[in-house]
Amino acid sequence: CRLTPMQPAPRFLAVHEVLQLMQDRLAGLVSPSAMDKYLTCPLAFGFECLAGLKEQDMVNEGDDPAGLGTLIHKVLEIFHGRHLNELLTDRDAASKELVEVFKETIHAPECLLQKTLPPASLAMLEAQAIRKLDKYIHNQPDDSRPILLEAELRATISVCNRDISLMGRIDRMDRREHGLVVLDYKTGHINNVDARLWDMDDFFDKVDALASASTLDARDHELLEELFQTLRQNASSIQLPCYVTICRSENRHLRLASNTPDAWPDAPFRNAAFVALAEKGQEIPIDTRRRKSKASCEELAERHALVLNRCPNLVELVLMHMHNARELVQMGDPRRCAWCTYARLCQS
């Protein structure tokens, strides 16, 4: 009996195997999380979103389980749902109420953390979460009025003469003094766009030109790959830009999706931010560039408008790369591959 060693599997999925699957995927609803997976590694995206491979379910016995994010989202939805379109005038009372909602939720029989965490770890988690939720309440902007919670929103974007439907689930939208603000809760690490990317005029001009083209030639494909790699170097997530693109597309759809449609304001969409729940509950805006001390209000407004107007270009770039993919390549980023669910499928 002779054993013949198997050759290492190629680190790409040939286009003839996945092209139709990719086109079928783009014909449906495309989410920000799917685009982020593709941006991180097209091959891993192919394994999960096209081939349908899933991570094996395992019990997380650490002190920061994956279920914590789901729990906190539920708690904040319950709390803010009681105060839609209201200002938080009494922060101490609001903090006390939020903590009570958290305790009721985490100690409910259906809470999975009761089953997956040892009692000591659960107690430590509860104490830490209570402190952070208190900081979250006291870091809420004075003019914040939540009007939309845990809602699925949709929009259509045209890329290379093709309409693609986007669908995103936003955690919260606020009505504020200057307009509407969409917020995304984060209990872990926050991946924002490098502020320097927004200043790359040549990059955005090229993306805009490619997105409006009906067909791409060989030189265009090379440029598309170059632009995609530039984006990867400056952003590991385009979640907020995608939310901005969706929310600015059609205000009427937001009104219909609102938890309180009768109270929906006649206000423009103004901003997007992450909420750093793992820290002090502070908001981290989509544009993280430090403000110049001598900048005028007009200059700040111009910069802010520039960032919001360029958000759709980032979405268009990822969708263009997906639409024109010739193969799904493993990016081979050591920082990301070490934690990738599908790392064992990629042979060295």
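Modeller: The structure holds two cavities of 30 Å³ or more. A cavity here is a set of points, on a 1 Å grid over the protein atoms alone, where a 1.4 Å probe fits but cannot get out. Grid points are joined across faces, edges and corners, and a volume is the space filled by probe spheres set on the points.

Colleague: How much space lies in the second largest cavity?

Modeller: About 30 Å³.

Colleague: And which residues line the second largest cavity?

Modeller: His80, Glu86, Leu88, Gln140, Ser144 and Pro146, where a lining residue has an atom within 4 Å of a point. That lining divides into two nonpolar, three polar and one charged. For the classes, Ala, Val, Leu, Ile, Met, Phe, Trp, Tyr, Cys and Pro count as nonpolar, Asp, Glu, Lys and Arg as charged, and the others, Gly among them, as polar.

Colleague: Before we go on, what kind of model is this?

Modeller: A predicted one: local features need pLDDT of at least 70, side-chain atom pairs count only at pLDDT 80 or more, and totals for chains, interfaces and linings use all residues. Residues are numbered from 1 along each chain as its sequence is written, and side-chain values use heavy atoms, with hydrogens and water left out.

Colleague: Fine. How many helices and strands does the protein have?

Modeller: There are 13 helices and eight strands. Both are DSSP runs numbered from the N terminus, helices being H or I with at least four residues and strands E with at least two.

Colleague: What share of the residues is buried?

Modeller: Of the 348 residues, 46% are buried. Buried means under 20% relative accessible area, exposed over 50%, and partly exposed in between, with a 1.4 Å probe and protein chains only. As for contacts with a separation of 6 or more, 77% are between residues 24 or more positions apart; contact means heavy atoms within 4.5 Å.

Colleague: Let's pick a helix. Which residues of H8 are buried?

Modeller: H8 runs over residues 201-211, and Phe203, Phe204, Val207, Leu210 and Ala211 are buried in it. They sit on the same side of H8, because they cover an arc of only 125° around the axis. That arc is taken from the directions from the helix axis to the C-beta atoms.

Colleague: What covers the buried residues of H8?

Modeller: The cover includes strand E3 (145-159), H9 and helix H12 (297-323).

Colleague: Since H9 came up, is Asn234 buried or exposed?

Modeller: Asn234 is found in H9, residues 218-234, and it counts as buried because its relative accessibility is 11%. Leaving out residues up to four places away in sequence, Asn234 touches Asn192, Val193, Asp194, Leu197 and Met200.

Colleague: And what is Thr288 in contact with?

Modeller: Asn192, Val193 and Ala195, if you set aside neighbours within four places in sequence. Thr288 lies in the loop between strand E7 (282-285) and H12. With a relative accessible area of 38%, Thr288 is partly exposed. The C-alpha atoms of Thr288 and Ala195 are 5.6 Å apart, though 93 residues separate them along the chain.

Colleague: What does His73 touch?

Modeller: Glu150, Asp171 and Tyr185, not counting residues up to four places away in sequence. His73 is found in helix H4, residues 67-81, and counts as buried at 19% relative accessibility.

Terms used: On a 1 Å grid over the protein atoms alone, a cavity is a set of points where a 1.4 Å probe fits but cannot get out, and a pocket is an open set with protein on both sides within 12 Å along at least five of seven lines; lining residues have an atom within 4 Å of a point.
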